[in-house]
Number of protein chains: 2
Amino acid sequence: MRQLEELIESIAARVNVNVRGAGMDVGPLLRRAVPEDSFSMYYAFYALTSHHPLYFRFEDSSLAGTYFLGKCDVAHSVLYKSDIRGDELKERGTEVDFEGIRIRLVDDEIIRIRNSFLVKTLVHNSSKDPESPEVFKILNTVALHYANIHGTNTEGCFLGPFSTVDLSMFHNCVVGDFSYVQAGDLSHETIGPGRVWIRVRGKFEFDYSFPEGVVEKYVSLDPEFRLQGEFVRFLSERKEDFVAIYSSVQPEPAAGVPQGSFVSPYAVVKGDCRVGENVLVAQRAHIEDSYLGTGANAQENCYILNSTYEGLNVTAHGGKVIHCTLGRKAFVGFNAFVRGREDARIGVGAESIVMPHTIIDAQEPIDIPPKSLVWGYVRRQADLERNRLDLDELAGSRDLALGGLRFSGHGRLFVEAFARRIEHILEENGAYYDGRPETRGHAQKTQNVSFNILQPFLEGGRRGMYPRVAISDGNTERFRLW
Amino acid sequence: MRQLEELIESIAARVNVNVRGAGMDVGPLLRRAVPEDSFSMYYAFYALTSHHPLYFRFEDSSLAGTYFLGKCDVAHSVLYKSDIRGDELKERGTEVDFEGIRIRLVDDEIIRIRNSFLVKTLVHNSSKDPESPEVFKILNTVALHYANIHGTNTEGCFLGPFSTVDLSMFHNCVVGDFSYVQAGDLSHETIGPGRVWIRVRGKFEFDYSFPEGVVEKYVSLDPEFRLQGEFVRFLSERKEDFVAIYSSVQPEPAAGVPQGSFVSPYAVVKGDCRVGENVLVAQRAHIEDSYLGTGANAQENCYILNSTYEGLNVTAHGGKVIHCTLGRKAFVGFNAFVRGREDARIGVGAESIVMPHTIIDAQEPIDIPPKSLVWGYVRRQADLERNRLDLDELAGSRDLALGGLRFSGHGRLFVEAFARRIEHILEENGAYYDGRPETRGHAQKTQNVSFNILQPFLEGGRRGMYPRVAISDGNTERFRLW
C-alpha cells in the first residue's frame with residue numbers, strides 16, 4: 001500500500017494548505033475515511049454509450065468502486081465509490097450565457113480532478129464557471145461520504161458528509177455536514193453544519209439552519225472519524241443489496257421496463273416495483289416495493305421504499321423517500337430524508353417542493369398540501385406551520401422569516417427559478433420523451449450502455465492503486481500515429 | 001456494425017494480398033467465422049499483476065472475449081475469444097543468443113498485432129526473431145479457431161483451425177487444419193492439413209502426415225465455413241461450463257489450492273478435483289474429476305477429464321486428456337487429443353512424450369511404456385508399433401521411417417532438444433518452486449491478478465467495436481505531462 005499511503009498524505013498536505021484558514025487538518029480524517037483493504041476490493045467503471053463524448057484518462061490514482069461517464073481526466077487522486085457523471089458536459093461550439101454575456105466553447109468540456117479525495121461523492125457536471133467553461137474542475141478538494149458536487153468547481157475545499165455544493169464556484173471553502181450551498185462564487189468561506197443556503201445576488205436569498213442537535217442525530221463523525229447517525233444506519237441496512245450487482249460484469253437489467261424508460265443494471269430493484277414510461281432509475285439507486293409513474297426519476301444514491309410516485313417526480317441525488325405518496329410533479333431535493341412509517345405515511349401534494357436537505361421523519365401521518373415549499377426538520381403535521389409555505393403565497397412575498405428560515409428578496413424570482421430548474425431536470429432525464437430525438441434524455445440515452453471495468457493492483461507497493469489508463473474514440477486525439 | 005464490417009473487409013484484403021500465391025480468398029471465411037451478435041456479447045480483459053510489464057494499447061479493433069497479459073499493442077484487428085499472453089516477454093537489457101550471436105534488447109519486448117483476425121487463437125510469446133527481438137509481430141494474419149501462435153512472428157499468414165506455428169518466423173505462409181509446424185524461418189510455403197513438421201536445419205527433421213480422412217473426421221470447415229468434427233463436438237459439449245465464470249467480475253478462486261499453486265479463476269474446475277504443490281491451471285483450462293500432482297500444469301484451452309497426473313506433467317495449449325493416467329513427467333503436446341474411455345483407459349508412462357497434434361482415440365485400453373515418443377493416429381494398442389519409438393532408441397538412431405513418419409538427422413539432438421524444452425516449460429510454469437524468488441514461475445506470479453475488463457459499444461455504427469484504450473504504469477512513458 002506504500003504508493004497509496006503516500007498519495008493520501010500528499011493530498012492531505014495540498015488540501016490543508018488551502019483550508020488552513022479554517023484551522024483544519026484533514027490528514028487523520030483521510031487516513032481513516034476508508035478501510036485499507038477496501039481500496040483493492042472494488043473496481044472502477046467507465047461507461048460507453050453512443051450518445052456521450054468518450055475520453056477518459058487517469059494516472060497515479062485509486063478509483064475503487066467509482067463510476068465515470070463522459071470526458072474525465074483524473075490524476076493524483078483517491079476516488080472511492082464515487083459517481084463522476086459527465087452526461088451534461090457541453091460540446092465544443094456550444095454557446096453559454098453568463099449573466100447576459102455569451103461565450104462559445106472552444107473545446108468539449110471535460111471534468112478534471114486533481115489532488116482530491118472523494119468518498120462516495122456524487123459529482124454531476126453542468127458547470128457554471130464563466131472563466132473556463134471547457135473545464136469542470138475539482139482540485140485539492142476533500143469531499144466526504146455522500147457529498148454532492150453538482151456543477152460546482154471546487155478548488156481547495158473541504159466538504160463534510162452529506163453536504164452539497166450546487167451550481168457555483170468554490171475556492172478555499174469549508175462546508176459543514178449536511179449543508180446545502182448554492183450561493184454563487186464563494187471564496188474562503190466556512191459554512192457551518194446543517195445550513196441550507198441559496199442565494200442569487202441581487203434577487204433572493206434563502207437561508208435556513210437546522211436547530212441544534214438535529215444534524216448530529218442524523219449524521220456526524222465520531223472521534224474515530226467513523227460516520228454515525230440515522231442516515232448511516234439507514235444506508236448500512238441496505239448495503240448488502242448492492243453486492244450481487246457489483247460482482248457481475250453485465251448485471252441483468254430489470255424486467256418489464258417500458259421502452260422509453262431506463263433502469264440501470266447497477267440499481268437495486270427489490271420486491272414489487274413497477275415503472276411507467278420515461279422513467280429513469282440511475283445506478284446506485286435503490287427501489288423497493290414502489291411505483292414510479294410516467295416521467296419520474298430516481299437519481300444516484302437515492303432510496304425509494306414502499307412509495308408511490310404519481311408521475312414527473314424528481315428524487316434528486318441522495319434523496320430518501322420511505323412510505324410516501326408523491327403527487328404529480330412533487331419534487332424531492334438532494335439528500336432530503338423523507339421517512340414515513342407504515343402507520344404514519346407522508347403525502348406530498350402535487351407540484352410541491354421538498355427542499356434539498358430537508359428531514360421529514362414522521363411520528364404521525366403527514367399530509368403536505370399541493371404546491372407547497374417544505375424545508376428544515378418536520379416530525380408532525382403541526383411542524384408544517386413553521387416549515388411550509390404555499391408556493392403561490394411565497395411568489396407574492398418579499399423578505400420573510402419562518403421557523404428558522406430567513407428569506408430575503410423576491411419570492412417570485414425564487415419560485416420561478418425553482419420551477420425552471422425542475423423542468424430542466426425533467427427534460428434532461430427524458431421525462432417528456434415522445435419518440436422525437438430532441439426529446440431524448442438520460443433515460444433514453446443511457447440504454448445500451450456497456451462498461452470498461454478497471455481494477456487495481458492487488459499486491460505489492462502498488463496495492464490499491466490503478467494503472468494509468470486512457471480511453472478515447474476516433475473523434476478525439478489519436479494516441480499515436482501508425 | 002458498419003465499422004466492424006469495414007474492418008473485416010479491410011483485413012481480408014490485406015491478408016489476401018499476402019496469401020494470393022496460394023490462391024486463397026479469406027473474405028467469405030472471415031465474414032462468417034464469428035456470428036455477428038457475438039462481437040458485442042463478450043468483453044476483453046487485460047491482466048494486472050505486479051510481476052509482468054504493464055503496457056497495453058489498442059485502437060480500431062474488436063476484442064470480444066480476448067485475454068491480454070503483458071505488453072501488447074493492437075490496432076486494426078479483430079481478436080475473438082483469443083488469449084494474448086505476454087508473460088515471457090523479454091525485458092530491456094536481456095541478452096539473447098541467436099545461433100551463437102548475442103544480442104541485447106534495447107527496449108522491453110512487446111506483442112504487436114496489426115490487420116489481423118484471430119478466432120479463439122492462443123498467442124504465446126517467447127519470440128525467436130533475431131531481426132527484431134523487441135517486437136513480437138502478428139501482421140496481416142488470419143488464424144482460425146484454436147490455432148496456436150507460439151513465439152512465431154506471422155506476417156501475411158493464414159492458419160487453419162487447430163493449427164500451431166511454433167518458435168519460428170512465418171512470411172506469407174498457409175498452414176492447413178491441425179498442422180503443427182516448427183521449422184524455422186519459412187516464406188511463401190503452403191503446408192497441407194494434418195502435417196506435424198519439426199525441423200532444425202542441419203540437425204534433424206521430424207515430418208509426419210496424418211492418413212487421408214483422419215483430420216477431416218476430427219476437424220474441418222463445412223461448405224458454409226462452420227467448424228465441424230470430433231474436436232468441435234467435444235468442445236461444444238463443455239462450452240456452457242464457462243458462462244458463469246465469464247459473467248463475474250472476480251470469479252471465486254477454487255478452494256483447497258496449495259499456496260505455491262495457481263488455479264485461474266477463469267478456469268473451469270468441476271467435480272472431484274485435487275491439485276498438488278506448484279500446479280498451474282491457466283485461464284480457459286477445463287478440469288473435471290481429476291488429480292494434478294506436484295508441478296503439473298494445465299495450459300490454456302486444455303481439457304483434463306477423469307485423469308490422474310502423477311506430477312511434473314505438461315498439458316500444452318489445447319491438449320485434451322480424457323480417462324488417462326500420466327506417469328511422472330509424461331508430456332502432452334499442443335492440441336493433442338488423448339481420449340480414453342471409462343472401459344478403455346490410456347496410460348502414458350513416465351517421461352513419455354505425446355507429440356503435439358497427436359490423436360489417441362482409444363477403442364481399447366492402451367498402455368504407453370515409459371520414455372516413449374508417440375505421434376500420429378492411435379486407436380489400439382497394436383497401433384503403437386507404428387506410432388511409437390523408445391526415446392533411448394531414438395537417441396541412438398539416425399534417419400528412420402515408421403508409420404507415416406520420416407525422421408532424418410540425429411535422434412540424439414531431437415531427444416535432447418525436447419527434454420530441454422520440457423524442462424524450460426516446467427521451470428517457466430513454476431513447477432520447481434521452493435520458496436526462493438528465482439524458482440518462481442507462472443503458477444506463483446499470476447496469483448493476485450486483477451483484470452481490466454473492456455467492453456464494446458453496444459449500438460450504432462460502432463457496435464462490436466471497442467474504444468481506443470491505453471493502459472500503462474509509471475515505469476513506461478507517461479501519457480501526458482501535468
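Colleague: How many salt bridges does the rule count over all chains?

Modeller: This is a predicted model, in which local features need pLDDT of at least 70 and side-chain atom pairs count only at pLDDT 80 or more, while totals for chains, interfaces and linings use all residues. Side-chain values use heavy atoms, with hydrogens and water left out, residues are numbered from 1 along each chain as its sequence is written, and chains are lettered from A and ligands numbered from 1 in the order in which they are written. Side chains of opposite charge can pair when their charged atoms come close. With a salt bridge taken as a side-chain nitrogen of Lys or Arg within 4 Å of a carboxyl oxygen of Asp or Glu, the count over all chains comes to 67.

Colleague: Which residue forms a salt bridge with B:D73, and is B:D73 buried or exposed?

Modeller: The elements used here are DSSP runs numbered from the N terminus, helices being H or I with at least four residues and strands E with at least two. B:D73 lies in strand β4 (residues 72–75) of chain B and its partner in strand β9 (residues 110–114) of chain B, 41 residues apart. Buried means under 20% relative accessible area, exposed over 50% and partly exposed in between (1.4 Å probe, protein chains only), so B:D73 at 5% counts as buried. The closest N and O atoms of the pair are 3.1 Å apart, and the partner is B:R114.

Colleague: Why does B:R92 count as exposed?

Modeller: B:R92 meets B:D107 in a salt bridge, with 3.9 Å from N to O. B:D107 sits in the loop between β8 (101–104) and β9 of chain B, and B:R92 in the loop between β6 (83–85) and β7 (95–98) of chain B. B:D107 is partly exposed at 36%, whereas B:R92 is exposed because its relative accessible area is 55%.

Colleague: What area is buried between chain A and chain B?

Modeller: Contact means heavy atoms within 4.5 Å, and 48 residues of chain A are in contact with 48 residues of chain B. Buried area is the accessible area (1.4 Å probe) that two parts lose on being put together, summed over both. Carbon and sulfur atoms give 48% of the area buried between the two chains, which is about 4,300 Å².

Colleague: How many salt bridges does the rule find across the interface of chain A and chain B, and which residue is the bridge partner of A:R468 in β51(B)?

Modeller: Across the interface of chain A and chain B the rule finds zero salt bridges. β51(A) is joined by five bridges to strand β51 (residues 468–472) of chain B, and the two run antiparallel. Within β51(B), the bridge partner of A:R468 is B:S472.

Technical notes
Two strands pair if DSSP finds at least two bridges between them.
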